[in-house]
Amino acid sequence: MGEFDTIDRTLSNAEKYTLRQKLFGTEEVHPMWVADMDIATPICVVAAVQERLKHPIIGYEIMPESAYEAQTVWVSTHHAFTMQREWLSYSPSVVASIGCAIRALSEAGDEVIVMDPVYPPFYSMVKENDRRLVIHPLRQDEEGVYRFDLDLLRAQITDKTKLLLLCSPHNPVGRVWSRDELGALGTFCLEHSIVIISDEIHSDIVFQPHSHIPMASLSEELLNNTVTLTGPGKTFNMAGFSISTVCIPSEELRTRYKEEYHRVHWGDGAVLSHVAFEAAYRDGSPWHQRLIRHLSHNALLIEEWAAKHPLIRYSPPEGTYLAWLDCRALGLGDRELREFFIQKAGLGLSPGLSFGKEGSGFMRLNFAVPTSVLTQALEQLGKALND
């Protein structure tokens, strides 16, 4: 079997498959929604966990310094950003980190900027922590590229606006923000005393000629105004280990965050997660390079398919393994569009509207699958369009 060939997940408890009936009303769809890969976790990660399991005691353990070192070396090598050990702490997930940072760095009733469309928990973490949403619609330029609109944002904020949630690279639209774009947004936040919480979980899934630039790496001022959230879950398809990190260079912000961190009592994570985390960052680079080639090939297949099916517009993502399909030319309402993909194409995708009002008329397709699976999905969708 090839490295990126089909693997049967239906016998596992993978939510992508077990939730088909609940989400789509049928088991007869191929699920291409939730953002994990239908691709085997790297052998270096699995082997490290298997080796650790030779020891008969799986008890409390702390995150080893060698694990943090492996991550800092990875980020320095791949993103030219040098993280100090004292800036880093464990978290079970980026979403948990967002909630913790919101509570630590703002007060009930304060405003938090969220960009529409975006990963749905951005909205819920703000609302469920008694903060107010400032929804900033991303604007598409004449070429369909999503941009920040800082003039509009300036008109939206008030003296109660304390935080901005940044998705970088962006889920679902696939933008890898340029240095100039990040610099302008960062300067805006500094001018208005708005702390940036930057979700960079997709930072390693970026396609040439683009490169991920950590917001905190742009200047000393932004280093001390940014909370960076990242981890190996997306890069190495190991979300099931529930491990990520929070990077806060500012001593003041870090102190406030740690107070909330101790209130929720996450502890230091689990031993097998520590082992997997370290192995991924220490030994995973060759596998990661092969993954990017595989995903690039899949993205090109979608582009070639879309050129023959003009009713669905597709701009190849600069990063992430998520295709943002513009289906507005079909003339369907969002409910009808969802049913078209389920009933006619046999595909379980994420409805664009779930990412915010600006996602109306779009669907998100996860192409981190074997090429044969993607080819079959595109054939099904093409047939549905022609029927």
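## A helix crossing, some ring pairs and one buried valine

The crossing of α3 and α11 is right-handed, a word used when the near helix is turned clockwise from the far one by less than a right angle, with anticlockwise being left-handed. This is a predicted model, where local features need pLDDT of at least 70, side-chain atom pairs count only at pLDDT 80 or more, and totals for chains, interfaces and linings use all residues. Residues are numbered from 1 along each chain as its sequence is written, and side-chain values use heavy atoms, leaving out hydrogens and water.

**The two helices**

- Two packed helices are described by the angle between their axes and the distance between the axes.
- The axes of helix α3 (residues 43-52) and helix α11 (residues 271-283) come within 8 Å and cross at roughly 140°; axes are lines fitted to C-alpha atoms, for helices over the stretch in contact, and angles run from 0 to 180 degrees between N-to-C directions.
- That angle makes α3 oblique to α11 (under 35 degrees is roughly parallel, over 145 roughly antiparallel, 65 to 115 roughly perpendicular, and the rest oblique).
- On the α3 side, the contact (heavy atoms within 4.5 Å) is made by Cys44, Val45, Ala48, Val49 and Arg52.
- Their partners on α11 are Val271, Leu272, Val275, Ala276, Ala279, Ala280 and Asp283.
- Helices (H or I, at least four residues) and strands (E, at least two) are DSSP runs, numbered from the N terminus.

**Aromatic rings**

- The structure holds 14 aromatic pairs; rings of Phe, Tyr and Trp (its six-membered ring) pair if their centres lie within 6.5 Å, with planes under 30 degrees apart stacked, over 60 edge-to-face and the rest tilted.
- One of them is Trp324 with Phe362, stacked at 4.9 Å centre to centre with 10° between the planes.
- This pair links distant parts of the chain, as Trp324 is in strand β12 (residues 322-326) and Phe362 in strand β15 (residues 362-366), 38 residues apart.
- Both Trp324 and Phe362 are buried (under 20% relative accessible area; exposed is over 50%, partly exposed in between, with a 1.4 Å probe and protein chains only).
- Phe340 and Phe341 form an edge-to-face pair, 5.6 Å centre to centre with 85° between the planes, and both are buried.
- Phe4, Trp74, Phe236, Phe277, Tyr281 and Trp287 form one aromatic cluster.

**Around Val206**

- Val206 lies in the loop between β8 (195-199) and α9 (220-223).
- Its relative accessibility is 15%, so Val206 counts as buried.
- Leaving aside neighbours within four places in sequence, Val206 is in contact with Pro169, Val176, Ser211, His212, Ile292, Glu318 and Gly319.
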